Amino acid sequence: MAADNPRGAMFRVILPNQHSRVTNAELFFDLVFVFAITQVSHTLLHHFTPLGAVHVAVLFLAVWWVWVYTAWVTNWLDPELTPVRILLFLMMLGGLVLSTTIPTAFEGRGLWFAIAYATMQVGRTAFWMIATPRHRTAVRHNAIRILTWLSVSAIFWILGGLAHDEARLWFWIVALTIEYVSPAVRFWVPKLGFSSVEAWAVEGGHMAERCSLFVIIALGEAVVVNGATFAELDWTADNISAFVSALVGSIAMWWVYFHKGAEAGAERISRSAESGRLARLAYTYLHMPIVAGIILTAVSDELVLKHPVGHSDVRIIVSTIGGPLLFLVGTILFKHAIRGFLQLSHGIGIIALAALWWFAAELSPLWLSVAATVIMIVVAVWESVSLGSTPEEAEEH
């Protein structure tokens, strides 16, 4: 019974050698972030300038951070219990407000964005702190530390919402810096000091599955947008080729991440004696460029679908090459964290994409997209073949 759980009445019951499943309540909560990812990609599509890219980066980092912090808390708390479910449903409401305001967050609805974000971060952490029994001193102190840092950052989010133009951007950059630095410094606060490794322990299989599902969200959003865009176009040879290239590129990304890496990550973190430390590096930080790369690639797919022929402008070049490049950088670092060696196939893919940049202006958007997709296919096939050999041989590849 939950009341007899020594971890706390609202905490998950952890059974030896048994993986905690992702609950339906968590999957329902994630639906909000399908909308959030769509809003981020469309905002970049319509504001693809240097300043617009900075704005979208800030918004993406906020979306990722509020989701991943919730993933940590629901790794500890049990979403099958009514109070935790209600927390997730309230977080869904906040997430919808947050997502709705993304396109105009640096314009008229900045304060709404800031209030939604700060309320989600502070409110969820306060709930976790209250749910933690007093006899679990290390965990309770960890909740207090995190709540302290998030409360400080919330001040800068609200100040940014009240400010305008450049001032808003700088307030929000300060807020994000506070939040992204805090795990690296183990949420140090006066008197309580640093959090302990024990307080960061997670159910590794659950954490790995949660982050894998977010990658699916990003890939799924890209496929849906590509299908919707293609449905509105004339089905010419160029448009069909662009659509196929976009779909195959998404499949290649799925293959690179899921065929070997996701399962290896789940096994590694499940066996790790310091699961919290690995979750912080491999899943909290290193999944950001993976998801960002998928979003940027989705922007490229829509641009290429609408203009497959002619000149490849800066927007198309940056998104078509930059998306897969960012994805591979995140993936090679993620797999290094869980395997201990750099994947040669990914490194060659990164070099090939960088080399493609030199010739990009001479290619049409369609052929540039095809070239980037071919590189991703080569990476996926190479890794599958190399890791299909013995472990000793695989490390050589």
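I paired rings of Phe, Tyr and Trp (its six-membered ring) if their centres lie within 6.5 Å; planes under 30 degrees apart count as stacked, over 60 as edge-to-face and the rest as tilted. My search of the whole structure found 25 aromatic pairs.

Ground rules. This is a predicted model, where local features need pLDDT of at least 70, side-chain atom pairs count only at pLDDT 80 or more, and totals for chains, interfaces and linings use all residues. I number residues from 1 along each chain as its sequence is written, and side-chain values use heavy atoms, with hydrogens and water left out.

Entry: W65 and Y69. I looked up this pair and found it tilted, with 5.2 Å centre to centre and 45° between the planes. Both residues belong to helix α2 (residues 50-76); they are 4 residues apart, so about one helical turn separates them. I take helices (H or I, at least four residues) and strands (E, at least two) as DSSP runs, numbered from the N terminus. W65 and Y69 are both buried. Buried means under 20% relative accessible area, exposed over 50%, partly exposed in between (1.4 Å probe, protein chains only).

Entry: Y257 and F334. The ring centres lie 5.9 Å apart and the planes meet at 15°, so I logged the pair as stacked. It links distant parts of the chain: Y257 is in helix α8 (residues 237-271) and F334 in helix α11 (residues 314-339), 77 residues apart. I found both Y257 and F334 buried. Ring pairs also join them with W254, W255, F258 and Y283 in a cluster.

Entry: R136 and F11. The charged end of R136 sits over the F11 ring, 4.9 Å from its centre. My test for this is NZ of Lys or CZ of Arg within 6 Å of the ring centre and within 35 degrees of the ring normal.

Entry: α2 and α10. I checked how α2 meets helix α10 (residues 287-306): the axes come within 11 Å and cross at roughly 125°. Axes are lines fitted to C-alpha atoms, for helices over the stretch in contact, and angles run from 0 to 180 degrees between N-to-C directions. On the α2 side, F60, L61 and W64 make the contact; on the α10 side, H287, M288, V291, A292 and I295 do. Contact means heavy atoms within 4.5 Å.

Entry: S386. I placed S386 in helix α13 (residues 365-386). Its relative accessibility is 3%, so S386 counts as buried.
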